[in-house]
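Visitor: I am new to this structure and would like to learn how to read it. Could you walk me through a few features?

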Amino acid sequence: MKDISNGYIALYRQFINWEWFTDVKTCHLFQYCLLRANSKNTVWRGINIKRGQFVTSLRTMSIETGLSLQEVRTSLKKLTHELTQLATPSYSIITVVNYNLYQKSNTRINKRLTTDNNIISNTSYIKVSSSSIEEKISKLTEEEEELLKNVSRRNGVTYFQRWLKKVVENNDHISLIKYEQERQQRKEEEERKKREKKKSEEEIKNSPEEEEKIRQIQERIKKRGKKQ
């Protein structure tokens, strides 16, 4: 994580006493929502997106967090007091219920530390994430989505989000998906060779009946040798 220019969020020590803190997947999703929520009111496709809200979809949340779709759904059901979800056929608006309570100190500090250019840059990134990225993701096949999830799990959410922006701008996802497919093919080929080797070794081994016959023959040879 080299680029830290997009700001930060406040995370209070009391967070460790939260009821879902030890539920790794649910805690991970909630922290992700805190990071993705807009720090300022904005507009997306004529819709007012308030501070503490962000536009997304279940598939986007799944890809960016590395969680499965079912894990995202389950965690959202657990977070009914922390999050609300306004779902439409093409997108969802997630609201962090007490965002102003969680981030009130951070807001005052950001007024002193964040320049206008950084605020504008951060806002434009949110717009890219909410519009163009949504359109790209909606065109992904299930296979491509799984490949991108693998990238997210191996490299972490921060890297994936940075990469995803480049995908939208440059269509770099084509080469990355191809690389991931080839990597999986090599892995499958290695596993196939291992299975064949194991099967071959098992075929070479004698059955218990054959082992017993060989043992009996060896015993007879020993007895003959002693008589001579």
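**The second largest pocket**

Guide: The lining of the second largest pocket divides into nine nonpolar residues, one polar and no charged. Here Ala, Val, Leu, Ile, Met, Phe, Trp, Tyr, Cys and Pro count as nonpolar, Asp, Glu, Lys and Arg as charged, and the others, Gly among them, as polar. This is a predicted model, where local features need pLDDT of at least 70 and side-chain atom pairs count only at pLDDT 80 or more, while totals for chains, interfaces and linings use all residues. Residues are numbered from 1 along each chain as its sequence is written, and side-chain values use heavy atoms, with hydrogens and water left out.

Visitor: Which residues line the second largest pocket?

Guide: Rolling a probe the size of a water molecule over the atoms shows where empty space is left. In this case the lining consists of Ala10, Leu11, Tyr12, Gln14, Phe15, Trp18, Phe30, Leu34, Leu101 and Tyr102. Helix 1 and helix 4 (99-113) are the elements that give two or more residues to that lining. A pocket is an open set of points on a 1 Å grid over the protein atoms alone, where a 1.4 Å probe fits, with protein on both sides within 12 Å along at least five of seven lines; lining residues have an atom within 4 Å of a point.

Visitor: In what order do the three strands form the open sheet?

Guide: Strands of a sheet pair through backbone hydrogen bonds, either parallel or antiparallel. The order here is 3-5-4, with antiparallel pairing. Strand 3 (53-56) and strand 4 (83-87) are at the edges with a single partner strand each, so one side of each has no neighbour in the sheet. Four bridges join strand 3 to strand 5 (residues 92-96); Thr56, for instance, has Ser92 in strand 5 as its bridge partner. Two strands pair if DSSP finds at least two bridges between them, and strands (E, at least two residues) and helices (H or I, at least four) are DSSP runs, numbered from the N terminus.

Visitor: At what angle do helix 2 and helix 3 pack?

Guide: Angles run from 0 to 180 degrees between N-to-C directions, with axes fitted to C-alpha atoms, for helices over the stretch in contact. Helix 2 and helix 3 (residues 69-78) pack at about 105 degrees, their axes 9 Å apart. Helix 2 is therefore roughly perpendicular to helix 3 (65 to 115 degrees). Leu58, Arg59, Met61, Ser62 and Thr65 of helix 2 meet Leu69, Val72, Arg73 and Leu76 of helix 3, where contact means heavy atoms within 4.5 Å.

Notes. Parallel < 35°, antiparallel > 145°, perpendicular 65-115°, else oblique.
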